[in-house]
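Dear colleague,

I am passing on the structure below, together with notes on what came out of going through it. Please read the notes with the structure open beside them.

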Amino acid sequence: MYSKDGENYFIVDAHIALWDARPENQRNIPGKQFIDCFYDYHRNLSPDAEQWSYEEFLYQGGERLMKDLFEDGYVDHAIFQPAYLGAFYKNGFAQVEEAYGLAAANPDKLTYNHCYDPRDGEAGLDRLRADHEKMGFKGVKLYTAEWHGESRGYKLSDPWSYRYFEECRKLGIKNIHIHKGPTVRPLDRDAFDVADVDHAASDFTDLNFVVEHVGLPRLEDFCWIATQEPNVHGGLAVAMPFMHTRPRYFAQIIGELIYWIGEDRIQFSSDYAIWTPRWLIERFVDFQIPADMTEYAPLTTAQKKKILGLNAAKMYDIPVPAELQLPDADETKTGPRQPERADLAGVQ
Amino acid sequence: MTALHLDPAAETRWDVTEEDIRSALDSVFDPELDEPITDLGFVRSLEVQAGVGGARVEVHLRLPTSFCSPNFAYLMASDSKDVISALPAVAQVVVELDDHHDSDVINAGLAADAGYRGTFLHEAEDSLDELRWTFRRKAHTAAMERCLTDLLRANASLVETEVGTIRLWNLPAGRNKEALLRRRAALGLPEAADATVLVNHEGHPYPPDAVPLALRRARSTRISIDGNAHFCRGLLRTRYEGSGTDQSPRPDGAEAADHHELLPLIVKEIHP
C-alpha cells in the first residue's frame, strides 16, 4: 500500500516478469538484441537514480524481485505476464517454473499468468490443458510477435487463436493479456496494428482483453477499438515512465484513455524489471494534467486509486480492504466518456 | 578521334558530393514518423568515392532498436538506394542497414536489387503500397488536427461543431498550414482555398454532430505520431552515443526535457 496526504492506495502491479537474459541463456544474436532493446528502454526512460547496470538488468532472481516490488515498491499484489521467447533463449526468456514457484509460495502477493502459442496447434492445446490443471491460472499473456519456426508473428483473429480462446473459455481462463510487438507476417501491413484484438473481443465477449502498453505505438487504434468493445482494457506497461521524460505526452496518453475507455479499464504496471514500481507509483500519485491542456479534466484521486490497483484487483478477484474500495464510475459502457470535453471551446 | 570522347569517369568524378547525397536522402521519409531519415539521425555514415563510370556511394543506416518493424526498415533502406541511384553522376550504390535483427535479409535483398517480395519471400504477400498509404493518411490526419486545434485555441468564440465548416482560407499562414497542404497533396485532396479542412482521407467532410468525435480521433492520431517520433529519437540517442548531433529538432510534440529545448512551443500553450 502507498499512502500520501492522508490517502491510501491499494497497489496492483499488473505486468511483471522474472526473466533470464544472461549470455549463457541466449540462444542467438536476436536474444542479445532483444534484451539490449529492453535495456535501452530502461536507460532512456528512467531517472538517473533508478538506472541499473547492464549486469543487473540481465537477471534479477526471485529474491530481488520480492524486494523491489513488496519491500521497496509499495506493491500489494503483482501479476506475472511471461513472454517465453523460446526462439531467442535456450530456457526461455520468462522463467516460467521459477515464477510459478514464487507465486505458489506467496499466493497473497503474486498471481501467476501463463503463456501459450496458438501455432503449437493440437499439441499446444493439450499442454495448455495440462498446465492449467497443474497451475490453475486465470490469465494468459500472448506475445503476438513471438518467432516460431518460419513464422515471426500471428494474429488474434487467426483460426488457431480462436481455438485457443475457446479452450480458455472452457478452462475458466478469463483474462487475455496481449503484448503487440512488431508482428511480421504478412509484412505488407502495419505490424503494430491492433485490429485483430477487435475481432477477438467481439467474438469472445466473456473474455477480458488487456492490451499491454495501451497499444503503443498505436495509441489511436487502441483507443478507437477499446471504446467500442467493453471487454477491452488498457495496460500501462511502457507508458508509465513517460511521466519522467515526457510528462506532457504522458498527460495526453492518460487523458485520451480516460476519454475513450474511462477510469475503470486502465491498469497500472511497472513492466518490472524494465522499470521498478516505487518511483512510478510515487510520481503517478503526484502527477497532474498540465493546466493548459484544457481538453482533459484533471485526474481525480479516485481515478488514480482505480488505475493503481482497484481495476486489476477486480479483474483478478484480489481481496481489497473494504475501506479502500471504490464503486465503478456511472459511465457509458462504450463510446467516449467525456464528450463535452472533446473541444477546446472556452479555453480562454 | 578519341579526343572527341570524354572519359566518363573524368566527366562525372566531381559531380556528386556528400551534400548531394544527403539532400537526396532528405526526400526519404520514415513513413511512420512522417519525417526525413536525415532529420531523425538514421543516416549513420555516408561515403562517396570516385569510380569508373561514376561515383561509388556507400550509405549506412541505423535505427532506434534492433526490433524496429522490418517493413519500415526495408522501405527506408530501399527508398534510400532508389534516390541515390537516380543521381546521374552515381554509378554504384551500396545501402546497408546496421544492427537490425533483419539486417542480413534486408542488406542481401538491397545488394541484389531483389525488391520487396524477392527480399522477404514467404513473408511478403504483395507490396508495401498499402502500408505507405496507411501512414500518409495518418500524417494527414495529424496535420489537420494541429491546424484546427491551433485555431480553436486562438479563437475562444469558435464553436466546436463549426470546426467542420472551416476552410483552408480560414487557417493562418505558417508551418502547420504548409504541412497540411503537403499532406493533402500526397493524398490527392484539393488544395483550393475554399476546400474544407476537416475531411476523411477520401476528402469527405463530417456532419456537425460527427465533428467532435472526428476531431478527437484525429487528436489521438497526432498524439501518437508525435509521441512515437520523440521516443524513437530518444532511443536512437541512447543506442548510439553522439547521434543526437545528427538529429534536427522536431517542434511537434516537443517538451522541456527534450535535448532540443529551444523550440517554439507557443502554439500549444494558453495565455489566459
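Which residues are buried in helix H3 (residues 61-71) of chain A? They are Leu65(A), Met66(A), Asp68(A) and Leu69(A), where a residue is called buried if 20 or more other C-beta atoms lie within 10 Å of its own, exposed if 12 or fewer, and partly exposed in between, with C-beta atoms placed from the backbone. Among the elements that cover these buried residues of H3(A) are strand E3 (12-16), strand E4 (77-80) and helix H11 (277-286) of chain A; helices (H or I, at least four residues) and strands (E, at least two) are DSSP runs, numbered from the N terminus.

Before going further, please note that this is a predicted model, in which local features need pLDDT of at least 70 and side-chain atom pairs count only at pLDDT 80 or more, while totals for chains, interfaces and linings use all residues. Residues are numbered from 1 along each chain as its sequence is written, and chains are lettered from A and ligands numbered from 1 in the order in which they are written.

The average pLDDT of chain A (the predictor's confidence in each residue, from 0 to 100) is 94, and 96% of the residues score at least 70. Over residues 342-348 of chain A, however, the pLDDT is below 50, although this stretch has 25 contacts in the model beyond near neighbours in sequence; two residues are in contact if their C-beta atoms, placed from the backbone, lie within 7 Å.

Also in chain A, strand E7 (residues 139-143) is mostly covered, with 5 of its 5 residues buried. Gly139(A), Lys141(A) and Tyr143(A) point one way from E7(A), whereas Val140(A) and Leu142(A) point the other way. Strand E6 (residues 114-115) of chain A runs parallel to E7(A) and is joined to it by 2 bridges, strands being paired if DSSP finds at least two bridges between them; His114(A) has Val140(A) as its bridge partner in E7(A).

Turning to chain B, its secondary structure consists of 9 helices and 5 strands, which follow the pattern α-α-β-β-α-β-β-α-β-α-α-α-α-α along the sequence. Of its 272 residues, 42% count as buried.

In helix H5 (residues 103-111) of chain B, the buried residues are Ile106(B), Gly109(B) and Leu110(B). They lie on the same side of H5(B) because they cover an arc of only 100 degrees around the axis, the arc being that of the directions from the helix axis to the C-beta atoms. The face turned away from that buried side carries the exposed residues Asp104(B) and Ala108(B), while the cover over the buried residues of H5(B) includes helix H4 (70-85), strand E5 (90-97) and helix H6 (115-120) of chain B.

Between the chains, 42 residues of chain A are in contact with 47 residues of chain B. Helix H1 (29-45), helix H8 (219-226) and helix H10 (247-260) of chain A each supply at least two residues of the side of chain A that touches chain B, and the largest share, 8 residues, comes from H1(A).

H8(A) packs against helix H9 (residues 211-239) of chain B at an angle of about 145 degrees, with the axes 7 Å apart; axes are lines fitted to C-alpha atoms, for helices over the stretch in contact, and angles run from 0 to 180 degrees between N-to-C directions. Here Leu219(A), Glu220(A), Cys223(A) and Trp224(A) meet Arg217(B), Ser220(B), Thr221(B), Ile223(B) and Ser224(B).

With best regards
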